[in-house]
Amino acid sequence: MQSKRQRPTKEELAAAGGRTLPDIIAPNLKVLFSGINPGLYTAVVGHHFARPGNRFWPTLHAAGFTPRLYLPEEERRLLNLGLGITNIVDRATANAAELSATELKEGAFKLEEKVMGYQPQVLAFLGISAYRVAFGKATAGIGMQEQTIGNTKLWVLPNPSGLNAHFPPRKLAEVYQELRLFVDSL
């Protein structure tokens, strides 16, 4: 299935700063994936992880979360698989470096409230640096965390951005698969 969307113009991208996207969420999900915040491209097209080069969708498929490669436009189909998407901070920026530590901490508080209401089995953060700042866990590593939110387990995964050179596609898929195997065992 090919995407028909056209690339946003510079003007559209510039106007997208501060926009928000609706969560893809429902009660009692297996995994609620939490990005850091939407990028401008994502805000313009209106779908999570939509920027070309972002490896979220290919990684979900390679790790066995989805039966095939989904397009960002199919994000709502994740709910049928017990998966959802949210963000620590709702507002779109050109890059996550534009977010302050205070904003990340405030976002973590709102995210905790959301998790208490929806109660996913696992909340998976896509980005260790943002997780460390948002939750005050300076030494946190990739994988399951000791901390929980109610009965929800916390898991940190590498950011799927194409800019994350520390995790090439195969390694990224292996780390995400560890979460999928854990969830399958619950």
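Gln 119 follows helix α4 and has a positive phi, near 50°. Helices (H or I, at least four residues) and strands (E, at least two) are DSSP runs, numbered from the N terminus. The model is predicted: local features need pLDDT of at least 70, side-chain atom pairs count only at pLDDT 80 or more, and totals for chains, interfaces and linings use all residues. Residues are numbered from 1 along each chain as its sequence is written, and side-chain values use heavy atoms, with hydrogens and water left out.

**Helix α4**
- Helix α4 spans residues 101-118, which makes 18 residues. From first to last C-alpha α4 reaches 25 Å, close to the 26 Å expected at 1.5 Å a residue; the expected span is 1.5 Å times one less than the number of residues.
- Glu 103, Leu 104, Gly 107, Ala 108, Leu 111, Lys 114 and Val 115 are the buried residues of α4. Buried means under 20% relative accessible area, exposed over 50%, and partly exposed in between (1.4 Å probe, protein chains only).
- These buried residues fall within an arc of 140° seen down the axis of α4, so they line one face of the helix. The arc is that of the directions from the helix axis to the C-beta atoms.
- Exposed residues Phe 109, Lys 110 and Gly 117 lie on the face of α4 turned away from its buried side.
- The cover over the buried residues of α4 includes β1, β2, β3, α5 (128-135), β4 and β5.

**Strand β5 and its partners**
- Five of the six residues of β5 are buried, so that strand is mostly covered.
- β3 and β5 pair in the parallel sense over five bridges, and Ala 124 stands opposite Trp 155 in β5. Two strands pair if DSSP finds at least two bridges between them.
- Strand β4 (residues 143-149) runs antiparallel to β5, and four bridges join the two. Ile 149 stands opposite Thr 152 in β5, and Thr 148 has Lys 153 as its bridge partner there.
- β4 and β5 form a hairpin with two residues between them. Gly 150, in the turn, has a positive phi of about 60°.

**Nonpolar cores**
- The largest nonpolar core has 25 residues, and those with the most contacts inside it are Val 31, Phe 33, Phe 56, Trp 57, Phe 65, Leu 157 and Leu 179. A nonpolar core is a set of buried Ala, Val, Leu, Ile, Met, Phe, Trp, Tyr and Cys residues joined through side-chain atoms within 4.5 Å.
- Two or more residues of this core come from each of β1 (31-35), α3 (56-62), β2 (83-87), β3 (122-126), β5 (152-157) and α6 (169-185). α6 gives the most, with six residues.
- Leaving aside neighbours within four places in sequence, Phe 33 is in contact with residues including Phe 56, Leu 83, Ala 124 and Leu 179. Contact means heavy atoms within 4.5 Å.
- A second, separate core of 22 residues includes Ile 36, Ile 88, Leu 104 and Tyr 131.

**Helix α6**
- The buried residues of α6 include Leu 172, Tyr 176, Leu 179 and Phe 182.
- They pack against β1, α3, β3, β4 and β5.

**Annotated region**
- An unreviewed UniProt entry annotates residues 22-180 as "domain: Uracil-DNA glycosylase-like". UniProt positions are given in the numbering used here, feature names are shortened, and annotations may be inferred rather than shown by experiment.
- Over residues 22-180 the chain is 32% helix and 18% strand.
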